[in-house]
Amino acid sequence: QIDVDDSGTLEKAEIIEAVQGNKKVINFLVNCGEANLQYLLVPARLEAALQHLDTDRDGQIDAVEWEEAIESALKNKLQARAAARQSQLLASKAAAKELAEFTNEFKSAARRCFELIDVDKGGSLSMDEIVSSVDQKTGKPEVIKFLKTCGEENLQFLLHPPRLQKALEVLDTDKSGEVDADEWEEAINRGLA
């Protein structure tokens with residue numbers, strides 16, 4: 001692309017012609033990742049870049065010198081990709097940690113809510129316990145707040161008297177007439193999904 005006279009070396013005139021008009025060469029140099037190759041595109045830095053690339057100081061860039069610059073560019077690209085992958089991995093780990101922390105906090109709040117509703121400590125929630133806990137005037141604010149924000153539709157319906165019975169029927173999967181800890185946790189897990 002640059003060695004138009006097929007001499008096997010690149011002379012300054014060939015490089016200048018290529019960086020001024022050959023779009024493939026320009027695109028390659030812009031994206032190659034090696035500063036001295038990129039500097040071939042900058043007239044003010046061209047001379048210094050040529051001197052740096054011309055390691056045997058013969059006034060031309062031969063195939064070995066060009067390959068050394070390309071290898072440097074490849075090394076830089078690989079290092080940049082490795083750094084990007086590492087950054088993505090760290091971001092992914094941080095997101096996973098944040099999600100795990102949120103999940104643990106949410107499940108802890110859900111257990112606390114269950115315990116607050118279960119006033120007789122029987123391990124299941126009766127209709128009366130739920131109704132008294134979610135009453136807007138006399139209920140438990142912590143329970144009401146949790147149910148409003150939990151993200152599980154049937155748990156949220158416990159706050160709406162017209163939907164309460166239907167919500168309990170959906171939550172009470174074993175049809176015992178009460179919502180036990182396992183049924184509560186299933187609903188919580190649906191809220192997290």
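Okay, some housekeeping. Residues are numbered from 1 along each chain as its sequence is written, and side-chain values use heavy atoms, with hydrogens and water left out. As the model is predicted, local features need pLDDT of at least 70 and side-chain atom pairs count only at pLDDT 80 or more, while totals for chains, interfaces and linings use all residues.

Let's start with helix H4, residues 43–53. Helices here are DSSP runs of H or I with at least four residues, strands are E runs with at least two, and both are numbered from the N terminus. Which residues of H4 are buried? They're Leu46, Ala49, Leu50 and Leu53. Buried means under 20% relative accessible area, exposed means over 50%, and partly exposed is in between, using a 1.4 Å probe and protein chains only.

Look down the axis of H4 and its buried residues fall within an arc of 100 degrees, so they line one face of the helix. That arc is taken from the directions from the helix axis to the C-beta atoms. Some background: an α-helix has 3.6 residues a turn, so residues three or four places apart point the same way. On the other side of H4, Ala44 and Ala48 are exposed. Pro43, also in H4, is exposed too, with a relative accessible area of 73%.

So what do the buried residues of H4 pack against? Helix H1 (12–21), H3, strand E2 (61–62) and H5. Over in H3, residues 35–38, we find Asn36. Asn36 counts as buried, at 14% relative accessibility. Leaving aside neighbours within four places in sequence, Asn36 is in contact (heavy atoms within 4.5 Å) with Ala49, His52 and Leu53.

Now the rings. How many aromatic pairs does the structure hold? Three. For a pair, ring centres of Phe, Tyr or Trp (its six-membered ring) lie within 6.5 Å; planes under 30 degrees apart are stacked, over 60 edge-to-face, and the rest tilted. Take Phe106 and Phe146: their ring centres are 5.3 Å apart and their planes at 40 degrees, so the pair is tilted. Phe106 sits in helix H5 (residues 63–117) and Phe146 in helix H7 (residues 141–149), so the pair ties together parts 40 residues apart in sequence.

Last stop: Pro43 and Gly122 are 79 residues apart in sequence and 83 Å apart in space, C-alpha to C-alpha.
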